[in-house]
Amino acid sequence: MTDPIHPRPVDILRRSVAMLTAHAALEVLGDVRLGGFHLTDDGFAYDLLPAAHAGGDLLDRLGGPIGDAIAADLPFECEAVGRDAAAAELADQPFLLARLDDEPDRSEWRLCRIGRAVDLIDDPVVAAAGEIHAAALRLVDISGAYWRGDESRPQFQRIHATVWESPAALEAHLEAREEARARDHRVIGERLDLFAFDPAVGAGLPLWLPDGQVVRDELERWAVETERAWGYQRIATPHITRSELYELSGHLPYFADDMYPPIETEGGVEYRLRPMNCPHHMAVFAARPHSYRELPLRYAEYGAVYRFERSGELSGLMRVRGMTQNDAHIFCPLDQAREEFIAVMQLHEYCYDLLGIENYHMVLALRDPENRAKYHGDEEMWETAERLTREAMEVSGIEYEEEHGGAAHYGPKVDFVLRSATGRDYGVSTNQLDLYLPMRFGLWFANERNERERPAVIHRAPLGSHERFIGFLIEHYAGAFPPWLAPVQVAVVPVGEDHVPWAREVSDALFNDGRRVGPILEGATVGAAIAHAEKRRIPFVLVVGSREVDSRAVSVRLRGGDQAGAMAFDDFRRKLGANIADRRLDTGLD
Ligand SMILES: [Zn+2]
């Protein structure tokens, strides 16, 4: 028997278990048409068409023959065969047989057999079933799937399985999946009443409920404060604009597929919902003459944009059709661009640090060397932009990788990719050093010699869009937002009826301090009230009974169950104020 302790590359195991599943199905169901498998992120999906109803316990029943084959170390036999031999072998498996017709010019095929199953597989499988660890695989569920995705064709039963090198790896995977499910922003967003979708409003167009809007407002308030300190000025520009602007910017025709179709108005003038804020910000710069003495000019706007994402691409808040971006454009002489870009990266670090996001890196997206037609043709401009961008990235010290093909038509991009607590990567912020749009818009400033000089532009958006960023934060915090971001910060729970007046006084005082206080939870037991507050992920619960009433105190319970104990109410107010003013990540009151 081969040694099951030495792991094989996991795809070999997955292919092999997929074939074992077919063997098991033939053992259990007898008459069954095999549809073959494809690998997934964590295992495989196998399609079966049983002649009779397979029964709800099919997965359990398949487990037996799979385990037996592993215990018996059943051999996999693979050989190269000609078309006719393959066709003869697959005569009673029409769906596998059909694959021969997909490649009519191919003369040689690799045919593999295990037990009763057969398949055409070019990639390696194990030599014998004993190499598979029976405790490192799990048949997860069954769904329906049409043959080749075509609804007019037979519907298979699709078996989903996850397969790993070792039982420990399987265990870790199942745990991570459970965790990811519990943290899914769509699930938490629904439970915490943060946002909703309505088909009458439109797919991909989120409605922000009051508690979700709190998170937006707090993030935006913080962005405004931070950007003010970093030398930005705020502007505001319209959501709808003449198509002409996008012809001037060069976004039309490159970006047309991602834009909503034009709206025609009187005189045949076409308007578009804006898909990005950049052209408007160029127009703001162009609205007045500028001197080198004013530069850099940093224009910031939380700007709403609309993009026509395909319906199949929409996903909760992560892919939407309407979003509000933490946008800004920095206008500076070319010789300040490197320094400004470094500052932008430092701003990212500052923001992510404060939010407790530790796992992130940058991706430098360059041109696709095979398809230069997608990009503007000024080679010198590309080289300058790439060089300055790379220099700024090096100086920032943040880890980065390069990717060919992701650049915008007007220049290389730097994406910040954040890894969520569940290990998923999200590109949330895109930055660019751009020499092209200033040229398209004929932007200039008067330099020291009083000559017209073209500025460079830096596009930046550390907090991405509200939609995607909040989606990320929901998963990052599993709904337990730090106090400054929490939709409800404090719940007040009176022990009995006698304590309600003091609970009201506490609640009103906190409200007047600008805190977000939940409704007073009277009537229920203290335990039920605490459980409710915990479910809503409220950071602080203040329990008030006779002792608290007598000493104008509150008994403080922190989210998660820690007790901060009884303290004078005025102390609590002060400490809570400090926690929020510092935008602390924890519920510490010191
Ligand atoms: Zn921009």
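**Close-up 1. Leu-355 and its surroundings.** Leaving aside neighbours within four places in sequence, Leu-355 is in contact (heavy atoms within 4.5 Å) with Trp-222, Leu-463, Phe-469, Leu-473, His-476, Tyr-477, Trp-484, Leu-485 and Leu-585. This is a predicted model, in which local features need pLDDT of at least 70, side-chain atom pairs count only at pLDDT 80 or more, and totals for chains, interfaces and linings use all residues. Residues are numbered from 1 along each chain as its sequence is written, and side-chain values use heavy atoms, with hydrogens and water left out.

**Close-up 2. The largest nonpolar core.** Here we meet Leu-355 again: with Phe-469, Leu-473 and Phe-572, it has the most contacts inside the largest nonpolar core, a set of 99 residues. Helix 11 (residues 337-354) gives the largest share of this core, 9 residues. Apart from it lies another core, of 46 residues, including Leu-13 and Ile-114. A nonpolar core is a set of buried Ala, Val, Leu, Ile, Met, Phe, Trp, Tyr and Cys residues joined through side-chain atoms within 4.5 Å; buried means under 20% relative accessible area, exposed over 50%, and partly exposed in between (1.4 Å probe, protein chains only). Helices (H or I, at least four residues) and strands (E, at least two) are DSSP runs, numbered from the N terminus.

**Close-up 3. Two edge-to-face aromatic pairs.** The structure holds 20 aromatic pairs, meaning rings of Phe, Tyr and Trp (its six-membered ring) with centres within 6.5 Å; planes under 30 degrees apart count as stacked, over 60 as edge-to-face and the rest as tilted. Phe-95 and Phe-156 form an edge-to-face pair, 4.9 Å centre to centre with 75° between the planes. This pair joins helix 4 (residues 94-102) to strand 7 (residues 155-163), with the partners 61 residues apart. Phe-95 is buried at 10% relative accessibility, and Phe-156 is buried at 2%. For Tyr-352 and Phe-416, the ring centres are 6.0 Å apart and the planes lie at 70°, so this pair is edge-to-face too. Tyr-352 belongs to helix 11 and Phe-416 to strand 18 (residues 413-419), 64 residues apart. Tyr-352 is buried at 0% relative accessibility, and Phe-416 is buried at 0%.

**Close-up 4. Arginines over tryptophan rings.** The charged end of Arg-106 sits over the ring of Trp-109, 4.2 Å from its centre. Likewise, the charged end of Arg-452 sits over the ring of Trp-444, 3.8 Å from its centre. The criterion is NZ of Lys or CZ of Arg within 6 Å of the ring centre and within 35 degrees of the ring normal.
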